[in-house]
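Reader: I would like to go through this structure and ask what the terms rest on. Please show it first.

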Amino acid sequence: MAKTTKKATSEKKSETKTDNKRSWQITKQQKFVLGCLFILFSIALLVAFISFYINGQWQSDQSAISRLGDRNEEVQNWLGKFGAYLADLILYKGFGIASFIFVRLFFLTGLFLALELTTKKLKNIWFWDLFAIIIVSVLFGFFATSAPELGGTIGFELNSFLQDYIGKTGTLLTLLFGLIVYLIFKIKLSPEKIQSYFDSTKKELKSEIGSLKTSQPESAYNLEEFAIEEDSEEDTIHLKTEDTQFEINKEALKPTISNSSEIDLNPTLKPVQMHINPVSETPVHTEEFVIEKAEEEDIIEENLASRLVADFGLFDPTLDLSNYKFPTIDLLKEYSTGGITINQEELEENKNKIVDTLRNYKIEIAQIKATVGPSVTLYEIVPEAGIRISKIKSLEDDIALSLSALGIRIIAPIPGKGTIGIEVPNKNPTMVSMKSVIGSAKFQEAEMELPIALGKTISNETFVVDLAKMPHLLMAGATGQGKSVGLNAVLTSLLYKKHPAEVKFVLVDPKKVELTLFNKIERHYLAKLPDTEDAIITDNAKVVNTLNSLCVEMDNRYSLLKDAMVRNIKEYNDKFKARKLNPEAGHRFLPYIILVVDEFADLIMTAGKEVEIPIARLAQLARAIGIHLIIATQRPSVNVITGLIKANFPARIAFRVTSKIDSRTILDTQGADQLIGRGDLLYTNGNDVVRVQCAFIDTPEVEKITDFIGSQKAYATAYLLPEFVGEESGINLDMDISERDSLFREAAEIIVNAQQGSASLLQRKLKLGYNRAGRLIDQLEAAGIVGPFEGSKARSVNISDLSALDQFFNNEQN
């Protein structure tokens, strides 16, 4: 027993050391200092390299390199002995002139570190610059064999190595291939660019000749020196000199009524073979080139498009708010001073209780290991051979009783491991702050379209998922278990990562208090229907129009994707940024749209199918065009989360629920009923279930973030969704009084007495079938006694009492 304890303790210590190593991160100040060091080192390299060639160090300082330890030794390098050593090592013994690329590399590295830019581009720069260093070094080694300091020792030796095996011709072809690879992949040189360059050169040459003819027609060409040959069949006159031949169209010399206004008294000369040196005194104006090119409309459109890409680069959707600043991390609170506190006594006590409880049921354990999380500790056990897993699973309540703990959850077995997991809540849980999650390297460096930082796992790793790949999220849990905080964590994650031009939110808040803080960023991040005052929807009657408007937006976006011949929003936006789609044809940059519904059960109760059908449509089709749904509900029952909705929401988050049935409804498995609450959740995306402690973000923190964003320059209005014109509600029937049902008056009295217009009421009172009761309701609506259909609500009654009803019938008879 003691050996097992020592073994577990030593394993725990080693894991703690490993976790500490993994959690080590370079701070902002350290990055800045390191970046400055790289920049200064690049300057030092530049000084040493220039001095190497100017002062002829390879000759004067070569003998002194081996005696650099002698303080009396003098060198010619501007950076002293250190510079002489660096120049000799990197230039002479290294890559020669190609080593100057190292100056650029170290300078850019320092710049990226100091300014905290993304490292993805820096990796690409290092790869291609090192590739260029090798190619240039070997090139100098190939051509400058008499000057080894140009190619360096490495370039010379690589060149010799290649020539020994593939000869001079093979070496030259290899270098040429490397140069082609660099030009195509790094410089982005293509056959189309080369062809467009030659075409533009040809046009400039023609326009230059035209300007020469118009500026000095007599001095440039002496017509007396030409030999004139007239071709009667071709209607042309040939003018020849010793080195030039021209053609003149006869029609140009004959004024006619049709072309008399366009005649040029100086005949236009069309060069066939040209060897003309332009007259040096003739000025060439840029404006003339533009005028000449404007005449060729078909070609200028193609050239103009390529010039736009070359001059302005990719289209930047953030240009309207180019000075927008993302929220800073210091707006968030740090609720815990350090990491997770490990209570060794608690771990030892729980381990002993688990082992003793299993031993009472004749279950021996070969190995046990503990992983401490923020709020839960995972004990992984390996049973002895021959023990059935189902037997351990059935002891869940017994283990919970022995540990006196709330929410014991057994995972048998843990997916991907040959162990059984027992999750035990910590007596003193550690709060996971939103600041620690947002500031983590995993979130900051996440290369995702819509990254969401939910919290931390049992192994204390930041849990980051991509909403664009979910593609929709269903959240459920009992009241007060953390759903609203979870929604705030999702929205905050996107606010810290995405520019207002890239994402828009449609917020539905039936409770009217949970999402109101986001009103401050309405003109930055929110989307709404035209002619509506508030962007956050709190009236359930407006939700149906909003959902149908999103369906219209979805159909419109699919039409744009079809015209652009792409399959999803990412390909479409990439094509639009590359200026390959014409805005005049209706194309525009498409931001992601995220629909957030805080209480879905309330919508189902009030609107029913009118809400469920557009939600199901969006869930089925909207992922490709960038519309994503996040739906939260307190009641994960089958009449709220129907099969049609569940089928299109593979990503689900379950906070603590009250029963195993609710857990199966949301997750298709039990376990959510064993959670401990306060942000403890289970996440699944159709495969494994992950336990996460949701990051906590308080109302003042959200208020600070929205104030920070709202105080900046915004768009003129919120993002406007397309207007939706619904069908006429109710049934517009023009019925004759003679065609009314014989029970019409009696049905009207029942409806007026009850002040409730419903077909089911008539079924019960008059003992009718549904079809006849439905016809009676239609007739009552046509007569104006009851109002139109309003979803799951009962119809309104327009007549207050029976006396008013009698007066209504009397007026009809008269």
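Author: Start with pairing: two strands pair if DSSP finds at least two bridges between them. Helices (H or I, at least four residues) and strands (E, at least two) are DSSP runs, numbered from the N terminus. This is a predicted model, where local features need pLDDT of at least 70, side-chain atom pairs count only at pLDDT 80 or more, and totals for chains, interfaces and linings use all residues. Residues are numbered from 1 along each chain as its sequence is written, and side-chain values use heavy atoms, with hydrogens and water left out.

Reader: What makes strand β6 and strand β8 a pair?

Author: DSSP needs at least two bridges, and six bridges join β6 (residues 376–383) to β8 (residues 420–425). The two strands run antiparallel. Val 376 stands opposite Pro 425, and Thr 377 has Val 424 as its bridge partner.

Reader: Which strand order does the open sheet have?

Author: The order is β5-β6-β8-β7, with antiparallel pairing.

Reader: What makes β5 and β7 edge strands?

Author: β5 (365–372) and β7 (409–411) each pair on one side only. From one strand to the next, the twist averages 20°.

Reader: How do you know that β8 is mostly covered?

Author: Buried means under 20% relative accessible area, exposed over 50%, and partly exposed in between (1.4 Å probe, protein chains only). Six of the six residues of β8 are buried. Ile 420, Ile 422 and Val 424 are on one side, and Gly 421, Glu 423 and Pro 425 on the other. In a regular strand the side chains alternate between the two faces of the sheet.

Reader: Which helix lies across β5, β6 and β8?

Author: Helix α12 (residues 344–360) does, running at about 40° to β6. Axes are lines fitted to C-alpha atoms, for helices over the stretch in contact (heavy atoms within 4.5 Å). Angles run from 0 to 180 degrees between N-to-C directions.

Reader: Why is Arg 691 called buried?

Author: Arg 691 has 5% relative accessibility, so it counts as buried. Arg 691 lies in strand β18.

Reader: What makes polar contacts with the side chain of Arg 691?

Author: A polar contact is a pair of N or O atoms within 3.5 Å; within protein, one must be able to donate a hydrogen and the other to accept it, and residues adjacent in sequence count only if both atoms are side-chain atoms. The side chain of Glu 423 is in polar contact with that of Arg 691 at 2.4 Å, and the side chain of Asp 680 at 2.5 Å.

Reader: How many bridges join β17 to β18?

Author: Five bridges join β17 (residues 680–684) to β18, and the strands run antiparallel. Leu 682 has Arg 691 as its bridge partner. The two strands form a hairpin with four residues between them, and Gly 686 in the turn has a positive phi of about 90°.

Reader: Why are helices α19 and α21 called roughly perpendicular?

Author: Angles under 35 degrees count as roughly parallel, over 145 as roughly antiparallel, 65 to 115 as roughly perpendicular and the rest as oblique. The axes of α19 (residues 540–564) and α21 (residues 600–607) come within 10 Å and cross at roughly 95°, and the helices are therefore roughly perpendicular.
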